[in-house]
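Here are some notes for a colleague opening this model.

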Amino acid sequence: MKDFFILELPNYEVKFEENQNYKYKNDKGKENLKKVLLSASRGYCMYCYTRVEVDRKNYGHLEHSVEQETAPVLSNCHHNISIACSTCNLSLKKREQGKRKVEIEEKLICDFSCESTPCDAYYTVANKYISNLTEKDGIKKFILRPRGVIQGDNPKERIYYKVAYDLLNCKFIPYGDERYLPESKKYIEEHIEKFCLNDEEYRTKEIEKVVEDIINLKQIPNKTRYNNLVAGLFIEKLERISSKFGMERVLKICTTIETMRVMKSN
Ligand SMILES: [Zn+2]
Ligand SMILES: [Zn+2]
């Protein structure tokens with residue numbers, strides 16, 4: 001029963017097409033990048049999971065996960081570009097940006113071979129970036145990039161850092177992997193804090209809406225009615241549970257979540 005209440009958030013898989021222009025410093029390239037990234041994120045911000053595609057308009061910003069200032073070598077690197085809402089891109093992510101600096105000795109370039117797997121430049125910067133974690137106060141400065149952060153130097157032994165949503169406590173948490181270093185978990189926690197994912201001011205309330213609607217309607221609503229990816233993932237999970245165990249189980253889960261919420265607000 002326990003994992004009924006944990007939603008794992010995805011690391012986004014972007015499907016670049018061959019011979020397509022994805023150059024960041026080019027209007028057509030930008031348009032193509034937006035299209036392919038939005039389809040990978042299913043229309044949501046890759047940091048806070050809020051919907052950025054609304055009524056056929058796209059409010060998503062193209063965003064350099066490792067900022068251009070931090071690592072100019074990745075300015076055009078596809079693997080380093082994500083889609084974010086304006087709040088995440090222009091305000092939350094900017095915090096402590098000046099303190100993020102990755103020194104790269106080698107003369108590295110992104111050779112645009114980074115469509116399916118990241119280029120060497122990306123791996124080198126990513127490893128530098130993550131190794132800064134062990135420095136004093138390093139954890140706070142760095143950001144969990146939505147296209148995946150890898151622990152360790154060996155790309156073949158990738159351990160992606162993951163975030164999950166705890167439905168019973170209505171909050172984002174690091175998604176456990178027993179291979180995580182202690183500082184890895186701390187790093188994910190700092191990321192959650194930086195993007196205010198659990199702050200009363202910013203946190204999503206869409207799960208509460210889904211739960212309320214299911215209890216009232218006695219059926220699973222369409223996920224397009226909600227504005228956060230966690231609501232969509234929750235609905236997909238409930239659909240699987242419903243077809244396996246029936247609607248009774250779905251109602252039981254929703255009642256449990258609702259009871260917890262009421263208990264906590266009292
Ligand atoms: Zn956002
Ligand atoms: Zn690259």
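1. A nonpolar core here is a set of buried Ala, Val, Leu, Ile, Met, Phe, Trp, Tyr and Cys residues joined through side-chain atoms within 4.5 Å. Buried stands for under 20% relative accessible area. The model is predicted. Its largest nonpolar core has 61 residues, and Leu37, Cys88, Tyr165, Phe172 and Phe234 have the most contacts inside that core.

2. Which elements each supply at least two residues of this core? They are the helices α1 (27-41), α2 (86-92), α5 (182-194), α6 (206-217), α7 (229-245) and α8 (247-265), together with the strands β5 (81-84) and β6 (163-166). The most comes from α7, which gives eight residues.

3. Why does this core lie between domain 1 and domain 2? Residues of the core come from both domain 1 (2-194) and domain 2 (206-265), so the core lies between them.

4. Leaving out residues up to four places away in sequence, Cys88 touches Cys45, Tyr47, Cys48, Lys93 and Phe195. Another core, of ten residues, lies apart from the largest one. Val66, Leu74, Cys110 and Val125 are among its residues.

5. Two packed helices are described by the angle and the distance between their axes. For α6 and α7, the axes come within 8 Å and cross at roughly 35°. The crossing of α6 past α7 is right-handed.

6. On the α6 side, the contact is made by Glu206, Ile207, Val210, Val211 and Ile214. On the α7 side, Val230, Ala231, Phe234, Ile235 and Leu238 take part. By class, this contact has nine nonpolar residues, one charged residue and no polar ones.

Technical notes: Residues numbered from 1 in each chain as written. Chains lettered and ligands numbered in written order. Predicted model: local features only at pLDDT ≥ 70, side-chain atom pairs only at ≥ 80, totals over all residues. Heavy atoms only, no water. Buried < 20%, exposed > 50% of the residue type's maximum accessible area, 1.4 Å probe, protein only. Helix = DSSP H or I, 4+ residues; strand = E, 2+ residues; numbered from the N terminus. Domains from an automatic or database assignment. Contact = heavy atoms within 4.5 Å. Axes fitted to C-alpha atoms, helices over the stretch in contact; angles between N-to-C directions. Left-handed = near helix turned anticlockwise from the far one by under 90°. Nonpolar A, V, L, I, M, F, W, Y, C, P; charged D, E, K, R; others polar.
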